Structure formats: C-alpha cells, structure tokens
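Let's read this structure together, one feature at a time.

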Amino acid sequence: MHPMIDTVWGSTQKPVSARQLAETLSRLPNLAGTLYIGYPIIGTPEGAFPIDALLLSPEKGAVAFDLVEGRELGAFEDRQDNLFAKLHSKLLQYPALVQRRALAAPISTFTFAPALPGTIGTDSAPVTDATSLPEAIADIAWANNASFPALASAVQSLTTIRKGRRKRKIESEHSRGAKLHALNESIATLDANQNAAVVETVSGVQRIRGLAGSGKTIVLALKVAYLHAQNPEWMIAVTFNTRSLKGQFERLITSFVYEQTSEEPDWSRIHMVNSWGSPSSPGIYYNFTRDHELTYRDFRSAQGIFGEGKEFSGATEEAMNQVTRVKAIYDAILVDEAQDLPSSFLRMCYLLLKLPHRLVYAYDELQSLTNASLPGPEELFGNDAAGNPIVEFSAPVVGEPRQDIILEKCYRNSRPVLATAHALGFGIYRKPDGLIQIFEQNQLWVDVGYRVHDGKLEDGQFVSLERTSETSPLFLENHSIIDDIIQFHAFQNQSQQDEWLAKSIIQNIQQDELLAEDIVVINPDPYRTRKVVGNARNILLQAGINSSLAGVSTSPDVFFEKDVVTFTGIFRAKGNEAGMVYIINADDCFDSFIPTTRALIRNRLFTAITRSKAWVRVLGIGSKMQALREEFERVKERQFRLDFDYPDEKTKKALRIINRDLTRTERKRLDAKVGDLTSAIEALENGEVRVEDLPESLRRRLREIFGQ
Amino acid sequence: MNHGQVCQQISQLISMLVKEGLCDHQRFPAVRTVGSQIQVTIPDAPDLAASLKGRPYTEIYEELRKAEAYNVRMLDGALIQFLFTFENNSLTSHRLAFFPSPLLEMYESIPEHYDLDETFADMVGEFSVKFPIRFDYSSSDDKHKDVEHPKSHLTLGQYKECRIPVNAPLTPFRFMRFILRNFYGPAYFAVDIDAKAKITEFPDVITPAERGILFVTA
C-alpha cells in the first residue's frame, strides 16, 4: 500500500473546495502526512487568523492553502502573502524549528480554486485546481527534513495545557514534590490523536470516549475554544455535572482562545453551565423550563415526585413531555461526564440545537457510578416518526470527520495504577467468584489501550491483556518504584487507619515537599463521607495541617483550595486528579450483600484509584480489606496483566442480569427480600423450621426454581 | 476569661465541628498584638466589615467567602467569625457573626441531602430568606448610650438601628450554642455543647433600663 494522508476535518466555511482539496491530495501516490481542514488558527494582533487548510508532510514541509469556494478569485496574492507571514512568524517561535535566524522547515502557499479551472496565478502566488495541484505539490522538495517531528508538534500543540497551580519550592531533587513537578511538565502538550479530536467537527452528533485521564475534558474545553475561534457568531453551551470542573474549563478555554485569537473569549457566546441549574445559577434544564414556561423542579421536589435516583431523568422527561415547540438556541452543545447524566438529558440537548444538531458528548464507560452506562446513539436518541433512528453513527470514512472518537492513551495514571483499577473494577482476580462485570464488546479492551499478550480476545477463551508503553507512557511510572506507586494497607480498626493516614500526610508535607493541595483523601461510600472523615481531619488539624471537605459549600470554581488537604466523597472526586491519592475505607468496595450492588461499589473503587497522577494508597479495615489486598497482590504477581477466561455469551447474560439498572429504592427492596430469604434458609438449617412445615405447594415451587 | 482561654475555646469548637462533619473548611484563630491591645482574629484575613457596609447581602457573603474571612465554613456554606479584643487582660470588644449562604438551602431543612452528599443537592428552586446575625460588644463608656446603644447587643440582618440588648458579652461556646441550637437543630444534640457552654461566662454589663425592654440572655 502506498502512503496516504490523514485528513483531520475541522470546522470550515468552505466545505466544497475543502472536500475537493482532500480528494485531490488523497489520490497522490507517495504523499504522506496530515491534512488539516479549518486548522490551525493563529492568534495575531488583529485577532484570529484561521488557515483554510494546511498539509504537513515529511517530504513537503508545511503547505498552506487559500481556498476559493466559488468563482471569485479576489486578492489571492495578498492572501497568500498574509498566509505565509502569519504561519512563518508563528513557527519561528519554536526554538526546535529555527536554525540561526531561519526557519528549518519550508512553507509553501497555494490558492486552490477548483471552480476556476486553468487559472495560473503568479510565480510567487500560484493558483491551482484539481488538475494542476498534483504537479505543483510534486515540485516541492524537502531534503533535510530532520525537523519534521518538531514541525508536526508545533502545529498540533498550539496550546500548552500546563496547570496554573502554585509554584513549588524544591530543595531535594528526589523528593515527591520534585517528581510531581517533572510529571506535570511532561504532560504539557496534546498528542496527535487528542489534537485531531479537538479539531474534527461533525455536522451532527459526535461521541468521545476514553478512559479517565485520557484527556476528554481538555479535548472538550479546547473544542469549545476552537469552535468559538472559528465561528465567533455561534452560540455554544458546555455542560457538565460536577461543579468543580467549571474553573478548569474556564481556564482552558480562556488560554486557548487567547492563543488562537489574541482576544478574550466572548462569554456571551459561550455558556458554561450546570446540566441542571436553578434560578440562581443557569443550567441547561433550568433554562429549558424558563424559556418554554414549564414547571421547574429543584432537586428536592424532583426526588419527591420521581423517586430516588430518578430525579434528573424524571425532571427532564417531564419538561420534554410538556413542551410543544422547542426554541433551538444553540449551534453546538458539548457535554462532559455524560455517563453520569440520564439519556433524557442528552435528548434535551439535542432538541435545543439548531440544525445540524452539533452535539458532542464525552464519557467514560467504566466510570459510571450510578450503574447505568449509556446505551448506543441509536437507542439513546430514539426513532423519528417513520421509525428510523434519529442519530446513527456511520462507519468511519477516510476523509470525513469521525463521529466516534476513542482516546486510548492515558496520561494520568501509570500502567500499574490503571491496570490495578481495571482488574479490581472488573473483579478479574476476585476469588472465588471471579468476574463482576465485563465489556460486552470484547474489542473495547483494544480501544481503551490494551493489547493481547497471550491467548485470544474471544468469548470463552483464555486471554492475557496488557497495557503498552504506547498507551500508558513509561514516564508516568519511571519516577518511582512500583511498590511506592501503589500500596494497599489493611488495618485492624478505624483509628489505626486514621493514625496511619495522618502520619503519612504529615510526612508528605513536611519531608516529601508535597503541597497540601497535591493530596486528596477519598472515601468511596458517598453516604458516610461526612461522618467518617472527621476524626482524621481533626488529627491533621492538631498537627497544624488544614483540610477541607469538598461539598455543596465548596465554591463552584475550585475543588482544591489553597493550603488544604482535600477530603472528598466519590461524587465530588470525579473529574479531578491529584499527585497523592489516599483512599480510605476501601473495604466498603470489596463485596456487597447482594450481587447487584457489586459493580457499583467496584466502580467507585475504580474511580477513586484513577484520580491518581503519581501515587495511590488504598487503605481499609478488617478482613474485607485483607481480601482486597490479596486481590491486588494477584494483579501485581501477574505483572499488571489481566489474565482470565473471557466470559461466553451465557456468562455475559448472567452478568447483564446482575448488573441491570436499578434505582436506589429498588436496590434497597431487593436487599430486604434477599435478607428475608436468607433468614428463612437459616431457619431451615437450624431446624427452627422443618421442610415438613412448608406447604406441599411451596415445596413444589422451590423444587422447580432450584431444580433447574 | 482572657485571650488565651477565648482562643482555646474557639479552637476546641472548630475541632468539635470538624469531628462531627459539620464544617467544610476552617481557620484556627490567630493572636495579634496591636499597641496595648491583644486581638484574637482570623489569620491573614482582611477586615472587610467597613468596606462591605451597605452592599447587597449576596455580595457581602461572596466577598467574605472568597477572602476566607471566617473561622468556620459550615457544610451549608454558612460562615462564622469570632473576633475578640483584650486590653490589660480584660475584654474590650467582640464581634461574633453568622453569615448564612444566600443561595444554598439551610442544613436544617434538608439534613439528609447534606449528609448523603447528593450531587445535585445544590439545585434549589426557592430560597428561604437569609440574613446575617451579629453579636457586638464594646466596653467603651463613650460608645455606650443607654438603651439606644447597649454595650452588648444583637443585630439582625442589615438593619442599621437594630441593637437588641444582651445581658453580657458572649463566650465562643455560648455564641456557638445559640447558632447550633437555632439553625442546626439535627446536629445540636450530637455535639453536646450545652454543658460546655454553661461553664464559662462574662460578667453582666446590661443596665436596668435595658432590662426594661426586650433583651437577650447570653
């Protein structure tokens, strides 16, 4: 196969000429590289300067295109001069691309006017069409192309994503503080796939999936900035469920828009809103009810009417049933953490969008803490009047923007941390009962960055899966030995655990050069967090280390407050990360009385572990913690590979039943019923009730149920 | 009580609230000497009282929260301040203030949502009216005007002339007992503050005329 160019489809006002350019270039034999449509945008003193299209090729350097959509050629020489000047001055800012005072990569410019065949232009400003372009490209030669990687990375990472956190004082170059600092510096640019995910703009629904730490939130934020820079007149909404993400979004959008346009974002065009909202803070659902004069439910009233766990789905569905004609106000809506939002909410977003319904939603399959992973787009958005799915993902086509993007590289968690989180989340090495949940589609393992080390990734077959240095970069784990990166500790009782936790945090701050805000303590059971963290916080306070408990009172803009160790329940930990993560009372995540709750509590453990950027300590109490620690030991023994027999269809079906979607109330009821049955069986065992005491008909029914 | 004892009481209170999970963020009191005065105050926090006079309550609350000008931020966002001044080992003034969050529901009305850390618990449609509550004390005879400006008094909301006489200055425990008892009903008994509050008190400063109108006992 001859080399081919990849096309990254951004947002463009010139779709016809762009498509012809892409087709023309993709037919050229021996041309390798990437063609960007509607990208990059260069910030200049006069504002945003969008480039119509840019080809990056190891043989040709940077080839910038001025696209002419119709038959009006206009001042093409001026435009090409300008194009060259802007790109040249931008690239000169990268030391790796400069030799003495000259740019080490060639820049060529062309006007591409497919509707004006035969136009030639001038020597310094050539005009091409579909016939003459191949020849013109063939004439460009770049012999000494050693600086191509630098060129590619300069174009792909037009922004740095370094965190605007406090400067740290490092005295020992081997301290945790120094290591964390180095890690933060390494994760400062986007990779090519993330960059493509930012730019690729679909005229319709787009889904972005990826693991925790694969950069979904950053990609979404940069996408907002990109769309805003490219289409300043668009009304764009970005929505999420964790309040604490708002500050992060705002920072990223501001800095990216600034870099692309040299201007502040126009916040009247970008609505950064909660998914729910209230009269005091805007939100998608609240605004929907307000704009259409419908009943608004706040959390409390929604719970009263629709029941526990159905608050948001009930409220959004009610509003959509009441509304007669929806006023579509947005050109694009981007949803983060969609796995924690009901599908009815995504349908509401869809309704609020003008044609062609540009909805982008990002989610993490395994991070769902509410036990309800999202169905596929066909099911999610339902059918139209004719019975056809409203949204359908077509198979990926070369030269078209991707509707379904998977970010398979994980930049937050190191390989041992991520593999442990997966192994425990799925129960790969759980004894004696094994798997708790599994991906329905086996291929998903590969999509999220695993590779088959041994065996076969097929139903009923043994398989050994491992992460590669490609999908889990080594610099994430090379800073410390594995036994320091991840530890499990079992304690006799709560106070032992609290003492150890406090001592360890004091050591982190006083000797390891970590800042208090590098540390987060997560309690996985959301319903007990307030009560169970009090003692540890108090011990720290007495030692002069301040802490905060992330809760409703926390400002919507910050998660990490200055100079405090953050304690948090699992809900508010989501979307956030920290260098040092302590998980307390992890024994709560080992097992549950009824099987249906098991996936839920293991997901919490998964989420908690995957908050860690560098180190994680999993602490807990008693025999359950002991057992969890042993389960971890098995992961470690297998060198953080996942070795197991892939379930066959029958087992998958059983897991599906166990993990079916239940509300908290339904789960409680189930819990009680199973409890009744347990005590009935105990009564039979200890002779309190004799089998002969049971009515004949009941005995027959029991035989029928258990006989199978 | 001297400044050391007051300081210790505030620290004890903070510990107690943290242990019970009632407090989300906290700052231990700092002791500062200014001339002959010893102040028990909030570390590094600017005194915003004067600059915020006459501003809408939502703004006042927001400014205080951002500047971390409080000793305690309660789980429902309410901010609590303890400021005491001593001279020659005796109390010369105090300002004890309670600023409930203007936008969050009070703990008392939905304790289970706060305890459970519901994700959308802060999505509140209708608000109850919230207003600040302050206990001020000044030992100065110059400032004191019988009945009109009692030495120790309670101010409700932002009413300029609201000064309900209080029989004596308040200890930190007695102030907190008032707050918990009235605004954090479900937690009041859990912390058992009543017994602790009874042990210490400041001597009476109320005048007979002030006793003649509606007054409050510390």
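**Reading the model**

Q: Which strands of chain A do five bridges join, and how do they run?

A: Strand β17 (residues 450-455) of chain A is joined to strand β18 (residues 462-467) of chain A by five bridges, and the two run antiparallel. Strands pair if DSSP finds at least two bridges between them. Helices (H or I, at least four residues) and strands (E, at least two) are DSSP runs, numbered from the N terminus. Within this pair, Val452(A) sits opposite Leu465(A) in β18(A). Six residues lie between the strands of this hairpin, and Gly460(A) takes a positive phi near 75 degrees there. As a general idea, side chains in a regular strand alternate between the two faces of the sheet.

Q: What should I know about the model and its numbering before going on?

A: This is a predicted model, in which local features need pLDDT of at least 70 and side-chain atom pairs count only at pLDDT 80 or more, while totals for chains, interfaces and linings use all residues. Residues are numbered from 1 along each chain as its sequence is written, and chains are lettered from A and ligands numbered from 1 in the order in which they are written.

Q: How many helices and strands are there in chain A?

A: Chain A has 25 helices and 25 strands. Its radius of gyration is 28 Å, close to the 27 Å that the globule rule gives for 708 residues, so chain A is as compact as a globular protein of that length. That radius is taken over C-alpha atoms, and the rule is 2.2 Å times the number of residues to the power 0.38. The C-alpha trace of chain A spans about 100 × 70 × 55 Å along its principal axes.

Q: How many percent of the residues in chain A are buried?

A: A residue is buried if 20 or more other C-beta atoms lie within 10 Å of its own, exposed if 12 or fewer, and partly exposed in between, with C-beta atoms placed from the backbone. Of the 708 residues in chain A, 47% are buried.

Q: Which residues have the most contacts inside the largest nonpolar core?

A: A nonpolar core is a set of buried Ala, Val, Leu, Ile, Met, Phe, Trp, Tyr and Cys residues joined through C-beta atoms within 7 Å. The largest has 160 residues, and Ala53(A), Leu54(A), Val224(A) and Cys349(A) have the most contacts inside it. Helix α7 (residues 216-230) of chain A gives the most to this core, ten residues. Domain 1 (5-156) and domain 2 (192-407) of chain A each supply at least three residues to this core. Another core, of 77 residues, lies apart from it and includes Ala421(A), Ala573(A), Phe590(A) and Val616(A).

Q: What does Cys349(A) touch?

A: Two residues are in contact if their C-beta atoms, placed from the backbone, lie within 7 Å. Leaving out residues up to four places away in sequence, Cys349(A) touches Ile284(A), Ile333(A), Val335(A) and Leu359(A).

Q: Which residues of helix α4 (residues 148-156) of chain A are buried?

A: They are Phe148(A), Leu151(A), Ala154(A), Val155(A) and Gln156(A). These buried residues pack against β5 (53-57), β6 (61-67), α2 (76-91) and α6 (192-199) of chain A.

Q: Which residues does a cis peptide bond join, and where is Pro40(A) found?

A: One such bond joins Tyr39(A) and Pro40(A), with omega about -5 degrees. Pro40(A) is in the loop between β2 (33-37) and β3 (41-44) of chain A. Another joins Lys431(A) and Pro432(A), with omega about -5 degrees. Pro432(A) is in the loop between α14 (415-426) and α15 (444-447) of chain A.

Q: Is Arg100(A), with its positive phi, buried or exposed?

A: Arg100(A) is not a glycine, yet its phi is about 50 degrees. Arg100(A) is exposed, with 5 other C-beta atoms within 10 Å, and lies in the loop between β7 (98-99) and β8 (102-103) of chain A.

Q: How many residues does each chain give to the contact between chain B and chain A?

A: Chain B gives 29 residues and chain A gives 36 residues. In chain B, α1 (3-19), β1 (23-26), β4 (72-74) and α3 (111-116) each supply at least two residues of the side that touches chain A. By class, this side of chain B has twelve nonpolar, seven polar and ten charged residues. Here Ala, Val, Leu, Ile, Met, Phe, Trp, Tyr, Cys and Pro count as nonpolar, Asp, Glu, Lys and Arg as charged, and the others, Gly among them, as polar.

Key
Domains from an automatic or database assignment.
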